Protein chains: 2
Amino acid sequence: MANVSPNSVTVLREQEHPGTPKALNVAIVGFGTVGSSVARILSERSPSGLRLTHVCNRNIERKRVDWLPSTVRWTEDIDAVLSSECDIFVELIGGLEPAGDWIRRALKSGRSVVTANKQLISRHGNELLRLAAENGQHLAFGASVAGGIPVISGLQEGLAGDELIELCGILNGTCNYILTRIEAAGVSFDEALREAQKLGFAEADPTDDVDGLDARAKLTILARTGLGVSASASDICARSISTIEPVDFEYAKLLDCTIRQLSRARKTSDRLFASVEPALVHSSSPLAAVEGGQNLVVSTGKFGGETVFAGHGAGGNPTAVAVVSDLIAIARSRQHNGATLEETENAALPVSSDFTSRHYLRFTVRDEPGIIAALAKIFCQHGINIDAVFQKPGYSKSKLPFVITLESCSASVVEKALKQIAPLEFQVQPCLNLPILD
Amino acid sequence: MANVSPNSVTVLREQEHPGTPKALNVAIVGFGTVGSSVARILSERSPSGLRLTHVCNRNIERKRVDWLPSTVRWTEDIDAVLSSECDIFVELIGGLEPAGDWIRRALKSGRSVVTANKQLISRHGNELLRLAAENGQHLAFGASVAGGIPVISGLQEGLAGDELIELCGILNGTCNYILTRIEAAGVSFDEALREAQKLGFAEADPTDDVDGLDARAKLTILARTGLGVSASASDICARSISTIEPVDFEYAKLLDCTIRQLSRARKTSDRLFASVEPALVHSSSPLAAVEGGQNLVVSTGKFGGETVFAGHGAGGNPTAVAVVSDLIAIARSRQHNGATLEETENAALPVSSDFTSRHYLRFTVRDEPGIIAALAKIFCQHGINIDAVFQKPGYSKSKLPFVITLESCSASVVEKALKQIAPLEFQVQPCLNLPILD
């Protein structure tokens, strides 16, 4: 467990091939939190086949940063972007218009589009997908639902082989934050909302989040992508979480449940059942474990059963990861052979199992005085701090298990101490050593 | 909540376009549990761009089924398959040889390969990926790790925009079954293993599972795909779960933990930390919630933070979903424009929010005799069964909350009853009605 093996391993790196198509030019339109995160990732990671050429925003001088290449063109002029050599138009301004108009113009002029715009994709996704197909372009919207969680690509690609029948998820981090605050602190809805607003988790007008309209837009996108059913958001019943009081969490607990804002869509032969509403979920459900601003989606397939996707549903960096993943997918699809992995370049990197963690040590001994002292002395010699000693009653003195937990230290140091401990004769079987993950 | 909206919505269906390339011919080699599930899904779902043409197995007459088209050719002759018009070679025989030889021959003769073979991809993945790239073919292995959970595609596609630094997961369902049995039933490792063998969850020789060799092969595949680091399985420390006793779960519980077989890989600037071993995980961790034969992977990215993938890690159907998803991905990549979604065909499907579930009703009343009787009478008139009535102490008689739970019934019926209840004057605020998800 403790030895650092010097065996050489290889690091795979993407490399440009002679003969691969030229890099695709990327224009970021909307340089807010997500847009600047996208630029940061493109600049730090330099994914092959992509080159940032334009950043477009109002008051562009106020937005300009010094960490992007000087070749990037900063502009306020959307027409300049749309008539430029840009290959992929990244729309991050949000809202229905002018985003919709700009995306249509980009697609019609032979550019692919990546967007995080849930309202637009919810409302006009079918039309825009058709427009993209007509123009031989991609329209990718992985960032429009659940931010950094790769659920859109999971439904489109990873679960493409299944026939999905139901999707159920926590799609709005603001509601989840408010509900978990009511639950944990016993505060009223109004107070939890004020807290969320103060911390920047809720907007000044929280209607879209609290009344389920935001989640409903995302649910329509999931239903279209995963279930192949296109529904209007306005056809889906959305109920507010504002009626939930602390007493409801007390009663839910009596029922071994908690309360979450759930977005559900289930496809049957003659109907799409769909709703966004607060609901009781059993405490053993993965939905109950979603805390704060996290998101989670459970998909149910006819063949594969339940699959869970969970992670950060919002925030600049997670959402930007989804945008960049879409960009990379487009770049790959334009590469010559489309094979799964690029050819590899090897670099040496040693493999080690010498993780640092707390440790659980279970000794089994013939009880006698001085055991703890003997062990403590050896740990001390190795600079290891004991965290706690536990001994459950009810075991024979001749084969007595007890547990010592160690403060965080490297596995190799613990192994060394245990090697010294191994010969001590009060032990009736070898010590069991497990890491404790924090 | 209860109304069934007749608004027309659209069902998206993939459709063949004039001008799309011909369907790809698929040969399934190995017609066991997974192979026959793959054939079943291809036959039931008919994904566009794919056509099953060959099934190859020893003793093929014993394997022949009557639910596949008569055009499918049944054969024992691998050479016949490798010299046929097959475009995609689906290798499901497992083991290093002859699978490796056949896959090499398939790639060299210009066929793409889909495989669920973890040993082979772990050991020879780099070489085979290079061979695929040299021949302009795909090598897809989404089914080789965690069966139906789309973690390979999630790492390759959905999280491609992130820089992943750590992967941690429960990759072996047999070990997880054994550990959760020791935990739940307090049986010894040997007894839990015998149970698992009797139920078919463990093989006669359980060494590969129990000693972590199976999980280690999967971890090398995840590390290559997600972290871009290629390590030999033999360089990764694997420790057995056979030393875990029931008493360890008791002590783990004292520490608010449980014990799981964890596969971990963490990339640093100069090292790959990697191990497969039993470890204590905190009970609030998603890893602790993995029961029975389920699998779960947590990826940690520099930008997107933690993302969780969970579901059925094994079994014919879930593994077959992963195989078919890989087949669909290859078919899509060969289609002309590679756009995300095919053009759409619309079909009408009404949207309803009339889910059937148990219900939680929280009333807030001025206390007086006869309230329950009045409510029970109305529920009875609507054919609704009361499940339980709860009343927590400590509230004012003038604004008393209490809860009635209803047995499973449709939301619309509950709404109707509540409409009748709304005017009853003992209520000081409207009833809160939430579904209870089971």
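Author: Happy to. In this predicted model, Asp367(A) and Lys397(A) join their side chains in a salt bridge, with N to O at 3.2 Å.

Reader: Nice. Where do Asp367(A) and Lys397(A) sit in the chain?

Author: Asp367(A) is in the loop between β17 and α13 (371-381) of chain A, and Lys397(A) is in the loop between β18 (386-390) and β19 (400-410), so the pair ties together parts that are 30 residues apart in sequence.

Reader: And is Lys397(A) buried or exposed?

Author: Lys397(A) is exposed, at a relative accessible area of 59%. Asp367(A) is partly exposed, at 36%.

Reader: What does Arg358(A) form a salt bridge with?

Author: Its partner is Asp438(A), and the closest N and O atoms are 2.9 Å apart. Arg358(A) belongs to strand β17 (residues 356-365) of chain A while Asp438(A) is in the segment after β20 (427-437), so this pair ties together parts 80 residues apart in sequence. Arg358(A) is partly exposed, with a relative accessible area of 24%, and Asp438(A) is exposed at 76%.

Reader: Got it. Which residue does Glu277(A) form a salt bridge with?

Author: That would be Arg239(A), with 2.9 Å between the closest N and O atoms. Glu277(A) lies in strand β13 (residues 272-282) of chain A and Arg239(A) in the loop between β11 (237-238) and α11 (246-254), so parts that are 38 residues apart in sequence are tied together.

Reader: Are Glu277(A) and Arg239(A) buried or exposed?

Author: Both Glu277(A) and Arg239(A) are buried.

Reader: Changing topic: how many salt bridges lie between chain B and chain A?

Author: The count between those two chains is 10. Arg362(A) and Asp248(B), for example, meet through their side chains in a salt bridge of 2.5 Å, N to O.

Reader: And which strand gives the largest share of chain B's side?

Author: Strand β13 (residues 272-282) of chain B does, with 10 residues on the side that touches chain A. That side of chain B divides into 59 nonpolar, 38 polar and 24 charged residues.

Reader: How many residues are in contact there?

Author: 121 residues of chain B are in contact with 120 residues of chain A. The area buried between the two chains is about 10800 Å², and carbon and sulfur atoms give 60% of that. Tyr251(B), Phe303(B) and Phe355(B) supply 8% of the area that chain B buries against chain A, more than any other three residues.

Reader: What about polar contact across that interface, how many residue pairs?

Author: There are 42 residue pairs in polar contact between chain B and chain A, counting those with both residues at pLDDT 80 or more.

Reader: In what sense do the two β15 strands pair?

Author: Strand β15 (residues 305-312) of chain A and strand β15 (residues 305-312) of chain B pair in the antiparallel sense, over 5 bridges. Gly311(A) stands opposite Thr307(B) there.

Reader: Last one from me: where is Asn172(A) found?

Author: Asn172(A) is in the loop between β9 (164-170) and α7 (173-185) of chain A, and is buried with a relative accessible area of 2%. A polar atom of the Asn172(A) side chain lies 2.7 Å from the backbone nitrogen of Cys175(A).

Reader: What else does Asn172(A) touch?

Author: Leaving out residues up to four places away in sequence, Asn172(A) touches Asp209(A), Asp214(A), Ala215(A), Lys218(A), Gln261(A) and Asn295(A).

Conventions
Residues are numbered from 1 along each chain as its sequence is written. Chains are lettered from A and ligands numbered from 1 in the order in which they are written. This is a predicted model: local features need pLDDT of at least 70, side-chain atom pairs count only at pLDDT 80 or more; totals for chains, interfaces and linings use all residues. Side-chain values use heavy atoms; hydrogens and water are left out. Contact means heavy atoms within 4.5 Å. Buried area is the accessible area (1.4 Å probe) that two parts lose on being put together, summed over both. A salt bridge is a side-chain nitrogen of Lys or Arg within 4 Å of a carboxyl oxygen of Asp or Glu. A polar contact is a pair of N or O atoms within 3.5 Å; within protein, one must be able to donate a hydrogen and the other to accept it, and residues adjacent in sequence count only if both atoms are side-chain atoms. Helices (H or I, at least four residues) and strands (E, at least two) are DSSP runs, numbered from the N terminus. Ala, Val, Leu, Ile, Met, Phe, Trp, Tyr, Cys and Pro count as nonpolar, Asp, Glu, Lys and Arg as charged, and the others, Gly among them, as polar. Two strands pair if DSSP finds at least two bridges between them. Buried means under 20% relative accessible area, exposed over 50%, partly exposed in between (1.4 Å probe, protein chains only).
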